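User: I'd like to learn how to read a few features off a protein model. Could you walk me through them one by one?

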Amino acid sequence: MKTRNRNWKSLLAAAVLFLVAARGAIAEEAIPGDKRLPKNVVAYMSLKNVNEFKTQWPKTLFGQMLSDDSLAELRGDFLKQFEQSSQEVRERIGLGLAELLAIPQGEVTVAGVILPSGGIGGAMLLDFGDQSEALHKLIDKAHEGLDAADLTRNEEEVEDTKLILFQHKAGEGNDEARDAGGYFVKDTVLVIASHASVLKDVLTRWNGKHDHTFSEHESFQYILERCRDQDSEARPQFTWFVDPVGLFQAVASANPELLGPAAAAPGLMPILGFDKFKGFGGTVDMGQGDFDTISRTLVLLERAPQGIGNLFQFDLAAQSPPKWLSTDWTSYMVINWNAGKAYATVESFTDMFLGPVAL
């Protein structure tokens, strides 16, 4: 009986240790950029881990080709040019190219966000890992250049984080100071944004538990789920997404003078069927199993009986390589596309804008 008790105690202790270790590992897992961005993102690109990419790249066919002995002379010439350029950069900012390229360590995310006032703002999240010293050297050098420009620099404390904000100075054509964006550094991540409001939106979502984040965007969520490796729980190495309708509407509302007659296009979108585009995006993974690179792309389009939806009529039919295709072929592609409906759609659009029988 005592032996059984000791066994149970040992198992219980092991279970507790496992849970503690697992909890620590989960706590240290980096929060992805899509959980820190607001939901109103219209363009998004993310490289999951720069160090992982650097490890996987030499294993790809293109990476192996560049390492081939036959290209040794070409690599030598490139290294000479690289060292020369690196020395010039070092004289300007105090860091060489190799040091600059070593700053990104984890995830790098770039996004376009619709602003509350209309238009589009930009944001970049860069995980610099253990390269804090090099990063702050770069920031200090950037401050010198920005201070010399027509900008003012201010600091604002938000949720125990110091935001460095820039503004265009008033005067000389500017009635008042205008927002010029800024940055902040938190944990091991540098966040740069074109507008102060975007910085604050990211900071508000820093723990990844906010109710309204880009990760909850229905179209992005659907595309990411469909384009990821179904046999793996890991995030894809590279992810991208574009909301074409939201992007166009944001640009049109902020710059009507640039678009001219096209500024009235939002009213035509339902007629032409452009509003049926919910987004397009995809993923890229390198060095997976027997494959060099796997790229998946998905266009999310609500089925529409008219308008642009008729450009994308892919009739259902069984597809298989033809019998004449031998093993000597290195590439083969087939698209089961209703080209007749696509042509008729283009013809109707052309006639709508240029008059009957224009095409």
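Analyst: Let's go through strands, salt bridges, a surface patch and aromatic rings in turn. Keep in mind that this is a predicted model.

User: Okay, strands first. How many bridges join E4 to E5, and which way do the two strands run?

Analyst: The general idea: in a regular strand the side chains alternate between the two faces of the sheet. Now the case here. Strand E4 covers residues 151–158 and strand E5 covers residues 161–168; they run antiparallel, joined by eight bridges.

User: Next, salt bridges. How many are there by this rule?

Analyst: Side chains of opposite charge can pair when their charged atoms come close. In this model the count comes to seven salt bridges. Take glutamate 218 and lysine 39: their closest N and O atoms are 3.4 Å apart. This pair links distant parts of the chain, 179 residues apart, with glutamate 218 in helix H8 (residues 218–227) and lysine 39 in the loop between helix H1 (2–28) and strand E1 (41–47).

User: Is glutamate 218 buried or exposed?

Analyst: Glutamate 218 is exposed, because its relative accessible area is 52% and the cut-off for exposed is over 50%. Lysine 39, at 28%, counts as partly exposed.

User: Now the surface. Which residues make the nonpolar patch?

Analyst: Phe53, Trp57, Phe62, Met65 and Leu66 make a nonpolar surface patch of about 440 Å². Helix H3 (residues 61–66) gives the largest share, three residues. Tryptophan 57 is in the loop between helix H2 (50–56) and H3, and it is partly exposed at 33% relative accessible area.

User: Some of those are aromatic. How many aromatic pairs are there by this rule?

Analyst: A pair of aromatic rings is described by the distance of the centres and the angle of the planes. The count here is eleven aromatic pairs. In one of them, the rings of tryptophan 57 and phenylalanine 62 have centres 5.7 Å apart and planes at 55°, so the pair is tilted. Phenylalanine 62 is partly exposed, at 45%. Phenylalanine 78 and phenylalanine 82 form a tilted pair as well, 6.2 Å centre to centre with 35° between the planes.

User: Why are phenylalanine 78 and phenylalanine 82 separated by about one helical turn?

Analyst: Because they are four residues apart in helix H4 (residues 72–93).

User: Which residues form one aromatic cluster?

Analyst: Tyr44, Phe214, Phe220 and Phe241 do.

Definitions and conventions. Residues are numbered from 1 along each chain as its sequence is written. This is a predicted model: local features need pLDDT of at least 70, side-chain atom pairs count only at pLDDT 80 or more; totals for chains, interfaces and linings use all residues. Side-chain values use heavy atoms; hydrogens and water are left out. Two strands pair if DSSP finds at least two bridges between them. A salt bridge is a side-chain nitrogen of Lys or Arg within 4 Å of a carboxyl oxygen of Asp or Glu. Buried means under 20% relative accessible area, exposed over 50%, partly exposed in between (1.4 Å probe, protein chains only). Patches are made of residues with over 30% relative accessible area and no salt bridge: like charges are joined within 9 Å, nonpolar side chains (Val, Leu, Ile, Met, Phe, Trp, Tyr) within 5 Å. Accessible areas come from the Shrake-Rupley method with a 1.4 Å probe; for residues, only the protein chains shown count as cover. Rings of Phe, Tyr and Trp (its six-membered ring) pair if their centres lie within 6.5 Å; planes under 30 degrees apart count as stacked, over 60 as edge-to-face and the rest as tilted.
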